[in-house]
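User: Hi, could you walk me through this model with a few questions and answers?

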Amino acid sequence: MAKMMIEIQTRGLNQYQRLAHFPVTIGRALDNDVILSDRSVSPHHLRLEQDEDGQVFVHNLVLENGTRLNEHPLGEQPVQVPIPSQLVLGDRKLRLVSMDTPVENTYVSHCRSLFAPLCKPFWAIMLLFMAIGGLLVNDYLDVGLQKDLLFYFSGLLPSLLWILFWTLAISGITRLITHRWEFTPALSVVALFSLMPLVFQEVGGALNYFLTSDAPTMWLVGGVSDFLLLPVLVYAYLHWVLNQRHLPALGFALVLSALPLGLRAINLLDQVTADKEFSSDPYYNQTLSSLNIHARPALPLADYLKKATEALPSQVEE
């Protein structure tokens with residue numbers, strides 16, 4: 001008879017329990033062979049039995065919340081269970097597998113060499129200091145008057161709080177996914193996200209000077225920094241730190257970046273629209289319809305004076 005195991009599916013890391021003898025009872029009560037501390041599971045929820053031929057049968061013992069075998073609800077009659085099979089007890093997912101079931105190849109972490117800054121404390125701290133230095137230099141160049149150091153450090157505090165908040169947030173998400181804290185790579189990602197826009201801005205300004213064009217800054221800051229930097233860093237973190245495969249990591253990166261990228265796209269479209277609608281001619285509203293709150297096209301000044309003269313000829317001086 002093939003030896004079997006129960007796989008208890010949880011967030012991040014699954015738990016496994018060998019089925020050494022039958023029958024096997026599963027539930028929330030402490031006298032079960034497999035104990036599930038989930039309140040959607042009944043005290044005595046399920047019983048597994050095995051006949052002389054090695055066939056496994058499942059007995060659903062409760063009606064509350066129920067049991068599903070491979071997406072099919074179970075009744076009161078015992079049902080033969082193929083191996084492997086998916087079991088759902090209330091809200092808890094289980095899998096009945098054979099101990100001979102092959103496992104996937106070991107995923108080797110790539111958080112080395114070129115990506116060492118994402119995982120090594122020394123490089124993470126160096127990136128943090130570089131980001132702080134870049135923020136101080138940027139504030140210094142933006143201020144036209146002479147200020148003391150306390151002024152620049154007080155302006156730096158919101159950025160430091162931003163870095164601390166997102167480092168803790170990313171570490172917390174990592175804890176939920178992998179059951180471990182990852183402060184160092186989270187700090188590296190946040191520091192890079194704070195530093196790279198400053199680098200793109202300075203490189204774009206230098207290229208603008210040599211090329212006598214605003215295109216380098218527009219593409220580096222408006223394109224790469226605003227729209228590519230965030231999904232690339234999130235993808236790198238998911239793939240090389242959390243060991244997610246390429247396509248799932250890319251999908252999660254696009255989903256997590258969708259909201260901030262969408263807001264930036266809206267701001268960019270508003271700016272482009274405002275630039276196109278700008279006019280040096282004065283704007284005079286003619287009328288507003290009670291059925292339409294939009295103003296009619298602008299009336300040139302000469303036409304406005306002509307209409308005013310026709311309407312009030314005695315009030316308009318030549």
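This is a predicted model: local features need pLDDT of at least 70, side-chain atom pairs count only at pLDDT 80 or more; totals for chains, interfaces and linings use all residues.

Analyst: Happy to! Residues are numbered from 1 along each chain as its sequence is written, and side-chain values use heavy atoms, with hydrogens and water left out.

User: Is V79 buried, partly exposed or exposed?

Analyst: Buried means under 20% relative accessible area and exposed over 50%, with partly exposed in between (1.4 Å probe, protein chains only). V79 has 30% relative accessibility, so the class is partly exposed.

User: Which residue in β9 is the bridge partner of F57?

Analyst: Two strands pair if DSSP finds at least two bridges between them. β6 and β9 (residues 79-81) pair in the antiparallel sense over 3 bridges. Within β9, the partner of F57 is Q80.

User: How many residues of β6 are buried?

Analyst: Strand β6 covers residues 56-60 and also runs antiparallel to β5 (residues 46-50), joined by 5 bridges. The rest of the structure largely encloses β6, because the buried count among its 5 residues is 4.

User: Which residue in the turn between β5 and β6 has a positive phi?

Analyst: β5 and β6 form a hairpin with 5 residues between them. L46 has N60 as its bridge partner in β6. In the turn, the residue with a positive phi, about 90°, is G54.

User: At roughly what angle do the axes of α1 and α2 cross?

Analyst: Axes are lines fitted to C-alpha atoms, for helices over the stretch in contact, and angles run from 0 to 180 degrees between N-to-C directions. α1 (residues 121-142) and α2 (residues 149-178) have axes that come within 10 Å. The crossing angle is roughly 140°.

User: Which strands stand at the edges of the open sheet?

Analyst: The open sheet has 6 strands in the order β2-β1-β11-β10-β7-β8, with antiparallel pairing. Each edge strand has a single partner, so one side is left without a neighbour in the sheet; these strands are β2 (15-19) and β8 (72-73).

Key. Helices (H or I, at least four residues) and strands (E, at least two) are DSSP runs, numbered from the N terminus.
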